[in-house]
Amino acid sequence: MTKQHHILTKLAAIVALSFASHAHAQTVEIDNETVQAGDSDMTLQELQDAMDPIRLIESYVVDKQGPRNERGGWGNRSSNVYDVGEQIDAVIYLANVGKHNPGLVDNPQEMELYINIRDKSGGLINQIRPVHTYQGVRRIDAPLQDDYFSDRFTVSARILAPGRYDVGFVFIDHTRPPDKQVPLEVMIDVVVTDTQPDAALTDFVDMMAAGEVDVTYSVARCAAYFHGMIELVGRESFTSEDFAIMDQKVQYFLGAGAVIRAGNDGVDLDTARDQAFAAMKEISDMYKVRMFRNYNAGQHPWNSDRMLQRDEQGCNVIYENRTME
């Protein structure tokens, strides 16, 4: 089953094919007890109805750059130490994973994921929700697999401030009835180090006043500021009106950067857009590090930071005085 991690997806249509589980003898684990489906003459739907909510079998961090393991999956990572902003990848193996209409040849599943970032005392630092809904079809084989109601999920997260954390990957199985849609939080212990602690932005307004920046950098910096705010907390954290305003500013500054680069460098507009986006993303990552440090220190990510307040004011002045066509 292919797993993607970046967008919410809708449940695939179910192909209504008749299939009875008792046609194939198999053993299935239900609440730590082994049940012989053929001997019990139970259908897979009945087996699923009897199962408890999802539970953890195992979890481990993986190295996507290394060789595959004997199962063909990602190999274990040798360390749980990561750089600031480095992607944390883990595999989480769950039991009691339900299917829509189990026993059919095609049996879609629907597993919601969101992420909690916690300090070592268990306090919630940040929650990223929603993240993704795993949706896919696992074809049924004959004879049935012993792990029919189990599945592995590859999950990812990034942390933008140094420290030691528990990254909680929270699963909710939407194939189960409401009383069994119990969130399961799987904790991954990670240490995040800052290899460039002094890689920080300087005051944008002061830089403009001193004539230290050109227009290409200015529009990239302003696009990055609003982009960083959105990426740090997610669009769902803003009202629809506030998000629309910030997104409009990001698009304006990105578009202006592309036009300027195309004119100055003699490149086509598509290439210039790619360059403008890359420049924005580099600065946006630095903004997010600073904002996350503020948040981690118990402050508002940007409203309590004088430099960030001045950056926003300076960028708003540029935006409000843009040339209107």
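A search of the whole structure, which is a predicted model, finds 16 salt bridges, and a search for disulfides finds one. Side chains of opposite charge can pair when their charged atoms come close. The pairs described below include links between helix α4 and helix α7, a link between helix α4 and helix α6, and a pair within helix α6.

- Arg221 and Asp311 form a salt bridge in which the closest N and O atoms are 2.8 Å apart.
- Because Arg221 belongs to helix α4 (residues 215-233) and Asp311 to helix α7 (residues 306-320), this pair ties together parts of the chain that are 90 residues apart in sequence.
- Arg221 counts as buried, with a relative accessibility of 0%, and Asp311 is likewise buried, its relative accessible area being 0%.

- A disulfide is a covalent bond between the sulfur atoms of two cysteines.
- In this model the disulfide joins Cys222 to Cys315, with an S to S distance of 2.2 Å.
- The torsion about the S-S bond of Cys222 and Cys315 is about -85 degrees, and the disulfide is therefore left-handed.

**Helix α4 to helix α6**

- The side chains of Glu231 and Lys288 meet in a salt bridge, with an N to O distance of 2.4 Å.
- Since Glu231 is part of helix α4 and Lys288 is part of helix α6 (residues 269-296), the pair ties together parts that are 57 residues apart in sequence.
- The two partners fall into separate accessibility classes, because Glu231, at 41% relative accessibility, counts as partly exposed, whereas Lys288, at 8%, counts as buried.

**Within helix α6**

- Asp285 forms a salt bridge with Lys281, and the closest N and O atoms of this pair are 2.9 Å apart.
- Both Asp285 and Lys281 lie in helix α6, where they are four residues apart, or about one turn of the helix.
- Asp285 counts as partly exposed at 31% relative accessibility, and Lys281 also counts as partly exposed, at 27%.

Methods: Residues numbered from 1 in each chain as written. Predicted model: local features only at pLDDT ≥ 70, side-chain atom pairs only at ≥ 80, totals over all residues. Heavy atoms only, no water. Salt bridge = Lys/Arg side-chain N within 4 Å of Asp/Glu carboxyl O. Helix = DSSP H or I, 4+ residues; strand = E, 2+ residues; numbered from the N terminus. Buried < 20%, exposed > 50% of the residue type's maximum accessible area, 1.4 Å probe, protein only. Disulfide = S-S within 2.5 Å.
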